[in-house]
2 protein chains.
Amino acid sequence: MRARDLYLGIDLGGSKILCGVVTANGKILSRAKSATPFAEGSAALLEALRATASAAMQEAGIPRARLAAIGMGSPGPLDPARGTILRTPNIAVKKLAVGPWLSRQLEAPVFLDNDVHMAVYGEWLAGAARGMRRVVGLWIGTGVGGCVLWEGRVVHGINRNAGEIGHMVLDARRARPGKARGTLEWEASKTGIARHLRKAVRRGKKSKLARRVERGGERLHSTDLAKAFEAGDRPTVAAVENSARYVGLAIANLFDVLAPELFVLGGGVSAALGSPYLELVRRAAREHAFTTELARPRIVLSRLKDDAGLLGAALAARDGRGRPEGAPGGSDPASP
Amino acid sequence: MRARDLYLGIDLGGSKILCGVVTANGKILSRAKSATPFAEGSAALLEALRATASAAMQEAGIPRARLAAIGMGSPGPLDPARGTILRTPNIAVKKLAVGPWLSRQLEAPVFLDNDVHMAVYGEWLAGAARGMRRVVGLWIGTGVGGCVLWEGRVVHGINRNAGEIGHMVLDARRARPGKARGTLEWEASKTGIARHLRKAVRRGKKSKLARRVERGGERLHSTDLAKAFEAGDRPTVAAVENSARYVGLAIANLFDVLAPELFVLGGGVSAALGSPYLELVRRAAREHAFTTELARPRIVLSRLKDDAGLLGAALAARDGRGRPEGAPGGSDPASP
């Protein structure tokens, strides 16, 4: 019988679940994908996770006995120590002990952490942030997530959920306690872009994406967005520019406060829109940063793209076994 | 002849200059104070700094030969390596090599850093933040400054001026590149409070502070503000509540991103208004922080008050001699 030498990475997003079997040196052996049942509740979500994980293992052709550990990234807030999702704005579950459940199902330890913590950890080990000591990641997808990686450690902070850049209030006059309006996520996420488009259509503007943004905008895929943007669809361009401006403002704010070596942009929206989006973000960030005499914000796109989350999660599970300081889901002794 | 065993701390603020002679173990032997000639240009500012420093040394009765080093805190942006103030929004100087000049005048090395870096370093060594590993300071005075102290090191970042929390954009819809409107400082500083009061008076509201907030509001002292607030002067209460809400929102944003152990509030406005202001800030921060299930933001007032800046500066000069990592004005090897 072979040793337990492989890792399973799970990336739970607001739109899709990605799973992959990964070797100890970071090679991805298989991938599986399914749509996130975001509105159907706990049982449906757990079953989808189990099924997608099994599909990845089947695809790689490996038996369960070779799984050393599982890393799972999930939108927050969550309790990494207990493996529990506390609540998530974009998926209808509450206080879900997904870590212990998956651990019983797949017979391996599960390390749960924020999805963007996992992705930025992946970028730091094997992608756009290699060799950097201070990195801030912003992931623009269905929602907006973030991660601060400081001196090679993911910052969890005293609430264990640091890095929630998407909830940064950027419109104080519209912000109300407990409401998403006025935050970065409200303006910059795919959901926010869809809302802007929907409003434009209601005001009588013509857009290729009119049908896609009806109701909650769940039918708007990042690739549709990219196509309409590239075609110069006016309301789409305006909504994307607005999204990029808010991301740039958040980066300017964080540059003024922390001035890290690098900002990494990831997530479905920034991956689909690519360089033109990056340039819009860069311009806003550089225009609004306060102190740029001695250095300007440096912003790049994720290099691992769709793999960042599952690869980072698998490697966090690998590193979590030895519990180095600051691996996602691992211990973080500096934060009591 | 005695050894060079004493330190001079200088705290240059938008309203006043504070100087003090400090022993190696942090005892303040003397203090001197003067008004900042904020509008008169470089020569007047340098002369005021020299005169106030001399007054502090005379007051302590020590000869120049006992000065081991000088620490100076100044509003930014500045270049700590060269001892140069690059520009400052509240004092009319540009590219002023104050460190080298003072060093020649007083015949001792000068360590220049951001005023709030110095103050928070003081609070960390001898005040409200003792024993904490991750601290964020917000100083509410003529302007709004800040400091991130991480694992016992002041974060300078790649632009050498990290911690500029006052320039955080909180009203994206009003923010324009290079303009202060829309930032935390615009709303929360004494200057911002004076602007709100002035507008209220112009709209016909009655206020005890009407005369004090004419023109730029330079005649509004924090103690006046505190008296009018305590007396229930309506426009003052509204302007102070607005200031505290913005400070609370900035803290909520930084709690979501970094979740440090402690936030420290300092500066003239928060010192004069005291606990009622702290409570308003706390309420806004706690209402707007996104993830508080596992820990809530912890916010306290500066303990060293007016001494924080000069004491921190003197001790940074002490520690700068040995150049420990992250002492203000010292080297910060993690930030290339």
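Two strands are said to pair if DSSP finds at least two bridges between them, and strands (E, at least two residues) and helices (H or I, at least four) are DSSP runs numbered from the N terminus. The model shown is predicted: local features need pLDDT of at least 70, side-chain atom pairs count only at pLDDT 80 or more, and totals for chains, interfaces and linings use all residues. Residues are numbered from 1 along each chain as its sequence is written, while chains are lettered from A and ligands numbered from 1 in the order in which they are written.

**View 1. Strand S4 of chain B and its parallel partners, S1(B) and S8(B).**
Strand S1 (residues 6-12) of chain B pairs with S4(B) (residues 67-74) in the parallel sense over 6 bridges. Strand S8 (residues 110-114) of chain B also runs parallel to S4(B), with 5 bridges between them. Gly73(B) is the bridge partner of Asp11(B), and in S8(B) the bridge partner of Gly73(B) is Asp113(B). Of the 8 residues of S4(B), 7 are buried, and the strand is mostly covered. A residue counts as buried if 20 or more other C-beta atoms lie within 10 Å of its own, as exposed if 12 or fewer do, and as partly exposed in between, with C-beta atoms placed from the backbone.

**View 2. The open sheet of 5 strands in chain B.**
The strand order is S11-S10-S9-S12-S13, with mixed pairing. Strand S11 (153-154) and strand S13 (299-301) are the edge strands, each pairing on one side only. Strands S9 (residues 134-140) and S10 (residues 144-150) of chain B are antiparallel, joined over 7 bridges. Within this pair, Val136(B) stands opposite Val148(B) of S10(B). Helix H9 (residues 275-288) of chain B lies across strand S12 (262-266) and S13, running at about 165° to S13(B). Such angles run from 0 to 180 degrees between N-to-C directions, and the axes are lines fitted to C-alpha atoms, for helices over the stretch in contact.

Val136(A) is buried because 29 other C-beta atoms lie within 10 Å. Leaving aside residues up to four places away in sequence, Val136(A) touches Gly146(A), Val148(A), Leu254(A), Leu258(A), Pro260(A) and Phe263(A). Contact here requires the C-beta atoms of two residues, placed from the backbone, to lie within 7 Å.

**View 3. Helix H3 of chain A.**
H3(A) comprises 12 residues (115-126), which at 1.5 Å a residue should span 16 Å; the end C-alpha atoms are 16 Å apart, in agreement. The expected span is 1.5 Å times one less than the number of residues. Because 10 of the 12 residues are buried, H3(A) is largely enclosed by the rest of the structure. Among the buried residues are Asp115(A), His117(A), Tyr121(A), Glu123(A) and Trp124(A).

**View 4. The contact between chains A and B.**
A rotation of 180° with 0.0 Å of shift along its axis superposes chain A on chain B (RMSD 0.0 Å). This is the relation of a two-fold axis. The superposition is by least squares on the C-alpha atoms of residues with pLDDT of at least 70 in both copies. As 98% of the interface residues of chain A are also interface residues in chain B, the copies meet through the same surface. The contact takes 49 residues from chain A and 48 residues from chain B. On the side of chain A that touches chain B, strand S10 (144-150), helix H7 (234-258) and helix H9 (275-288) each supply at least two residues. H7(A) gives the largest share, 8 residues.
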